[in-house]
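Here is a friendly walk through the structure, with the confidence values kept in view. Have the coordinates open as you read.

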Amino acid sequence: MLMEDRLTFGELLDQYLSDKNFSQTALAKRLNTDRSTVNRWIHDNAVPGLDQVLKIASVLRLDKIESERLIRAAGYALSGLSQRDDVSSENQENNRKANSD
């Protein structure tokens, strides 16, 4: 078992933010939420809904393994993930288009 698999959602999110050079404020803006909400997630005082976790994975451009770890850390099952992969791929394509404008 990898160390990342033992991290809480907040610890893992904090690690991914650092790895991707994203601030809490930048993530909050991309998710149309408050920085205080992201801060609560990082300090494990709250956990976002599955849709929000998938948006986080898309915004941070997490690969499939990183996304699955984040989903599991948030306490969600991975069943039906292939449908979510389709959504994630669509979100990644939208992000690429937005960043090229």
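## A loop residue to begin with

Arg61 counts as partly exposed, because its relative accessibility is 40%. This residue sits in the loop between α4 and α5 (64-73). Its backbone deserves a look too: phi of Arg61 is positive, about 55°, although the residue is not a glycine. Most residues other than glycine have a negative phi.

Since the model is predicted, confidence comes next. The mean pLDDT of the chain is 84, and 73% of the residues reach 70 or more. Confidence is highest in α3, at a mean of 98, and lowest in helix α6 (residues 81-100), at 52.

## Overall layout

The chain contains six helices and zero strands. Read from the N terminus, the order of elements is α-α-α-α-α-α. Of its 101 residues, 37% count as buried. The accessible surface comes to about 6,000 Å², and carbon and sulfur atoms account for 45% of that. Taking contacts between residues at least 6 apart in sequence, 58% join residues at least 24 apart.

## Positive phi values

Asp44 is partly exposed, because its relative accessible area is 35%. Gly75, which follows α5, has a positive phi as well, near 95°. The table gathers these backbone angles.

| Residue | Phi |
|---|---|
| Arg61 | about 55° |
| Gly75 | near 95° |

## Helix α3 and its cover

Which residues of helix α3 are buried? In this helix, residues 35-42, they are Thr37, Val38, Trp41 and Ile42. Seen down the axis of α3, these buried residues fall within an arc of 140°, so they line one face of the helix. Cover for the buried residues of α3 comes from elements including α1 (9-19), α2 (24-31) and α4 (50-59). Asp44, with its positive phi, follows α3.

Leaving aside neighbours within four places in sequence, Gln24 is in contact with Leu17, Arg35, Val38, Asn39 and Ile42. With Asn39 there is a polar contact between side chains, at 3.2 Å. Gln24 and Ile42 are 18 residues apart in sequence, and their C-alpha atoms are 9.0 Å apart in space.

## The nonpolar core

Which residues touch the most other members of the largest nonpolar core? Among its 23 residues, they are Phe9, Leu13, Leu27, Trp41, Ile56, Leu60 and Leu70. At least two residues of this core come from each of α1, α2, α3, α4 and α5. The biggest contribution is that of α4, with six residues.

Not counting residues up to four places away in sequence, Phe9 touches Trp41, Asp44, Pro48, Val53, Ile56, Leu70, Ala73 and Ala74. That list includes Trp41 and Leu70, which are also among the core residues that touch the most other members.

## Helix α5

At the start of α5, a side-chain oxygen of Asp63 reaches to within 3.1 Å of the backbone nitrogen of Ile65. Within the helix, Glu66, Ser67, Glu68, Arg69, Leu70 and Ile71 are buried.

Apart from neighbours within four places in sequence, Ala73 is in contact with Leu7, Thr8, Phe9 and Leu12. Ala73 and Val47 are 26 residues apart in sequence and 9.5 Å apart in space, C-alpha to C-alpha.

Conventions:
Residues are numbered from 1 along each chain as its sequence is written. This is a predicted model: local features need pLDDT of at least 70, side-chain atom pairs count only at pLDDT 80 or more; totals for chains, interfaces and linings use all residues. Side-chain values use heavy atoms; hydrogens and water are left out. Buried means under 20% relative accessible area, exposed over 50%, partly exposed in between (1.4 Å probe, protein chains only). Helices (H or I, at least four residues) and strands (E, at least two) are DSSP runs, numbered from the N terminus. The arc is that of the directions from the helix axis to the C-beta atoms. Contact means heavy atoms within 4.5 Å. Accessible areas come from the Shrake-Rupley method with a 1.4 Å probe; for residues, only the protein chains shown count as cover. A nonpolar core is a set of buried Ala, Val, Leu, Ile, Met, Phe, Trp, Tyr and Cys residues joined through side-chain atoms within 4.5 Å. A polar contact is a pair of N or O atoms within 3.5 Å; within protein, one must be able to donate a hydrogen and the other to accept it, and residues adjacent in sequence count only if both atoms are side-chain atoms. pLDDT is the predictor's confidence in each residue, from 0 to 100.
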